[in-house]
Every structure is written in C-alpha cells, then in structure tokens.
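Take a first look at the chain below.

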Amino acid sequence: MNNKTKGYIYGAVAAATYGMNPLFALPLYQDGMDANSVLFFRYLLAIPILWAMIRWRGRDFRLTRRELPALVVLGLLMACSSLTLFLSYTCMAAGIASTLLFVYPILVALIMAIFFKEKISLLTVMCIALALVGIAMLYKGDGDATLSLAGVALVMASSLSYAIYMVGVNLPRVREVPTVKLTFYALLFGFSVFVVRVGVGAGLSVPAHWYHWLNLVALAVLPTVVSFVSTTIAIQYIGSTPTAILGALEPLTAVFFGVMIFGETLTPRIVGGIVLIVVAVTMIIAGGRIGAYLLRFRKLFPKLPRIRQKRAV
C-alpha cells in the first residue's frame, strides 16, 4: 500500500470519527452539562491516552525551540475550533452546524492558494461544489426553523480555525514532529484554554448519570484521539486540501447512525446526497488519473476514417 492510499484511508477515518461529535455531545447537553465542561473532560481524558501511546512507542517528549511556538498556536487553534463548534450546538440544530462546518475545505483551498501559491484546479472546485450540494441534500430541518446569527458566526469561526489548523499541520517545522507527539502537545496546549475558562468563572459541571461518562470517554477516543491523529497523518501523506475535501464524509456518519440506531428513513433525497458526496470523494482520490482514464476510454473508440466522396464530373 503506497503513501497516497494510506493518506486517503486515514483522511476517511478522520472525517468519519470527527462526525461523531454531536452523537456523543448532545446527550451530555441534555444531561445538564455545558460546552466548556464537555470539552474540559474531552481533552482531559484524551491527553493521557496520547501520553501512553508515546510511552508505548518509546518516543521522548522533548520539543525544540523551533517547534514549541508552532505547537502552542496549533493547540490554541484546535481549542478555538472545538469551543466554537460545541457552542454552536446550543444555538442551532447540530445538523445545520455540521452542514455549515463544511465551509472549511473552501477556506483551506483559499489559504493554500493565497499564501502558498497552490493552484486550485477545476477538479478541486468541482469536488467541493458536489460535496456542498450533497451535504445540503442530507440536511433535513424543520420547515419553520430559522438560522441563528450567533450560531452561524460560531460555526464560521470554527471552520476558519480548523482550516488554519489543517494548513499549519503541513508546515515544515511541524512535519518534523511525530504525529502522536504533535497531537499530544496540541491537545495539551488547547486544554489550557478550558482550564483558564474554568478558573475565571465559567464553572465546571459533571454528568448527572454515571453512564454519560461513557459519552465523555467516547468523545476523547473517537472524535479526538483517532480523528486528530488520522487527520495529521492524512495531511502529511496527501496534503491539506484533499484531506479537507474528504471531510465530506463527516455528515455521512450522522446519516449512518440516524438510520441504523435511531430508525430514521432513508429517503431518495438523502440517497442522492450520499451519491454526490461519494462521487466528489472518488474524484478527489482519483485526482490526475481521471484524465488518463478518460483518455484510455476514448481510445476504445477510435475515429473511423472519413470516406471522401468523388465529385461528379
């Protein structure tokens, strides 16, 4: 298996697990916890897991003076993205928030084009457009539901900070840091944000029922450890923009759990949205090979020689 294939697999895993955020967070909100408390325990439980992974691999925890500032910034971006996204769940339906969050692939492509002179190909634009239409088809809201301005602003802030994080992970000084160590320090520095918020009066609540601790553990493992580690590996293998576009698989996670666990109906519109997303992801994975495939297909049908008609004398 080559590195590109590994990158696409890790990107798909990262998207699918990151899409589980509402699945585990919303029951905690219903149990009386606030966004800051949920994220406090999410990060607190994830950090020891990553610490154990580093120790198990026999790696050290040392950082160079060149790496430390970059990881502090990445940690703050990660915390900002998490906090604004989880706060948006309190202002609007999680389905709307998850749909709006997909602005981040566009932001990643723009940042790469403006600051790193990466060309935005027609294929990339088509993939983003198809994915956006597909995700819009997946969303099913109440007919009388209105968008919250505060909620939209929070999701946009989450998208922007996540986009900058994805670009930052691909910078040369950060690429030298092992993946698990990078994620460990990003979470550690990000956790400081929630510690400060608790210290200045945001308060800290715990689950009212013991079984909701399982939701916190699941949040720490799947959308945090697994997703962020997989995202970093995918970016290092295939780059920031393709990894961001693979994020279109995130809403499919919500559809899967909705149908399999909550008994939701799989309508033709949802199936159409799934097809568009799968096509977009397939196109970005095929990449430049699409042209080669089309050329091979064209060669199967060679042009017939034209028969010249003789002019009448």
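Buried means under 20% relative accessible area, exposed over 50%, and partly exposed in between (1.4 Å probe, protein chains only). This is a predicted model: local features need pLDDT of at least 70, side-chain atom pairs count only at pLDDT 80 or more, and totals for chains, interfaces and linings use all residues. Residues are numbered from 1 along each chain as its sequence is written, and side-chain values use heavy atoms, with hydrogens and water left out.

Start with charge. The structure holds 3 salt bridges, each a side-chain nitrogen of Lys or Arg within 4 Å of a carboxyl oxygen of Asp or Glu. Asp60 pairs with Lys181, their closest N and O atoms 3.4 Å apart. Asp60 sits in the loop between helix H3 and helix H4, Lys181 in helix H10, 121 residues apart. Lys181 is buried, at 8%. Asp60 is partly exposed, at 35%. Asp60 also meets Arg62, at 3.7 Å from N to O. Arg62 is exposed, at 64%.

Glu176 bridges to Arg66, with 3.6 Å between the closest N and O atoms. Glu176 lies in the loop between H9 and H10 and Arg66 in the loop between H3 and H4, so the pair ties together parts 110 residues apart in sequence.

Now the helices (DSSP runs of H or I, at least four residues, numbered from the N terminus). H8 and H11 pack at about 55°, their axes 9 Å apart. Among the residues that meet are Tyr162 in H8 and Phe228 in H11. The contact residues divide into 6 nonpolar, 2 polar and no charged.

Methods. Axes are lines fitted to C-alpha atoms, for helices over the stretch in contact, and angles run from 0 to 180 degrees between N-to-C directions. Helices (H or I, at least four residues) and strands (E, at least two) are DSSP runs, numbered from the N terminus. Contact means heavy atoms within 4.5 Å. Ala, Val, Leu, Ile, Met, Phe, Trp, Tyr, Cys and Pro count as nonpolar, Asp, Glu, Lys and Arg as charged, and the others, Gly among them, as polar.
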